[in-house]
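Subject: The model you asked about

Hi there,

Here is the structure I promised to pass on. Have a look at it first, and then read my notes below.

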Amino acid sequence: MSHGIDLRTVPYDHPDAVKLNDQVQLEYQVRYQGEGDATHLDPAMFAPPRGLYIVAYDTTGAPVATGGWRSQEQNDEGYSDGDAELKRMYVVPEARGLGLARRILAVLEEDARAAGRLRMVLETGDRQPEAIALYLSTGYTPSPKFGFYRFYDSSRCMAKPLQATTSPAAPSNPAAPSSPAGV
């Protein structure tokens, strides 16, 4: 599936991250018939342990996908204490369908969980149906709006808890198998 893909932690202002960010901004301009995402992002926001930024490289060393998370706390834009906000998830068109976004998302969620974040939140738009489908298929649910675009009709906000709500020693369904099948 995504064999030969190398995920690397890089600063948000790394040249390959900037290159992919420029590409996603162009895609936003086409999809939303206007400007790109105007959300203010500073490279320091993605510095561990309060964030992480990843670039995926193919077997030739070309950057083909990206994604990051940054810490958020309760504020007037609708975030909650302990939030990790997903930003700049993007896969170049020629690498789509390889599971890269799903793989990056899993790494970002695990990193945010390890950093003590309570939930992952994201904002996407109604003209990004493939992004919405990915997030719904990985356990995200619609949430009250937050962030820079919270007052836009096209904005779609989603969230997913990162911390377990039940103890692993006490399964919520005793009739369920003790190990996942088909994993």
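What follows is a short tour of what I found, going from the whole chain to single residues.

A word on conventions: this is a predicted model, so local features need pLDDT of at least 70, side-chain atom pairs count only at pLDDT 80 or more, and totals for chains, interfaces and linings use all residues. Residues are numbered from 1 along each chain as its sequence is written, and side-chain values use heavy atoms, with hydrogens and water left out.

**Overall layout**

The protein chain has three helices and seven strands; these are DSSP runs numbered from the N terminus (helices are H or I with at least four residues, strands are E with at least two). Along the sequence they follow the pattern β-α-β-β-β-α-β-α-β-β. Of the 183 residues, 42% count as buried; buried means under 20% relative accessible area, exposed over 50%, and partly exposed in between (1.4 Å probe, protein chains only). The accessible surface comes to about 10000 Å², with 56% of it belonging to carbon and sulfur atoms. Those areas come from the Shrake-Rupley method with a 1.4 Å probe, and for residues only the protein chains shown count as cover. Among contacts (heavy atoms within 4.5 Å) between residues at least 6 apart in sequence, 64% join residues at least 24 apart.

**The sheet**

The seven strands form an open sheet of mixed pairing, in the order E1-E2-E3-E4-E5-E7-E6. Two strands pair if DSSP finds at least two bridges between them. E1 and strand E6 (141–142) are the edge strands, each pairing on one side only. Helix H1 packs on the sheet and touches E2, E3, E4 and E5, and its direction makes about 85 degrees with that of E4. For such angles, axes are lines fitted to C-alpha atoms (for helices, over the stretch in contact), and values run from 0 to 180 degrees between N-to-C directions.

E2 pairs with strand E1 (residues 6–9) in the antiparallel sense over four bridges, and Val55 is the bridge partner of Arg8. With strand E3 (residues 63–72), E2 pairs in the antiparallel sense over seven bridges; there Ile54 stands opposite Gly67. The hairpin of E2 and E3 has five residues between the strands, and Gly61 takes a positive phi near 90 degrees in it. E3 in turn pairs with E4 in the antiparallel sense over seven bridges, with Thr66 opposite Tyr90.

**The cores and H3**

Which residues have the most contacts inside the largest nonpolar core? They are Leu86, Leu108, Met120 and Tyr135, in a core of 38 residues. H1, E2, E3, E4, H2, E5 and H3 each supply at least two residues of this core, and the largest share, six residues, comes from E2. Apart from it lies another core of five residues, among them Tyr79, Val121, Phe146 and Ala159. A nonpolar core here is a set of buried Ala, Val, Leu, Ile, Met, Phe, Trp, Tyr and Cys residues joined through side-chain atoms within 4.5 Å.

In helix H3 (residues 129–137), Ala131, Leu134 and Tyr135 are buried. Seen down the axis, the buried residues of H3 fall within an arc of 95 degrees, so they line one face of the helix; the arc is that of the directions from the helix axis to the C-beta atoms. They pack against strand E4 (83–91), helix H2 (100–114), strand E5 (119–125) and strand E7 (155–161). Leaving out residues up to four places away in sequence, Tyr135 touches Leu86, Met89, Leu105, Leu122, Tyr140 and Met158.

**Backbone details to check**

- A cis peptide bond joins Pro48 and Pro49, with omega about 5 degrees; Pro49 is in the loop between H1 and E2.
- Gln33, in the loop between H1 and E2, is not a glycine but has a positive phi of about 50 degrees. Gln33 is exposed, at 67% relative accessible area.
- Arg88, in strand E4, is not a glycine either and has a positive phi of about 55 degrees. Arg88 counts as buried, at 5% relative accessibility.

Best wishes
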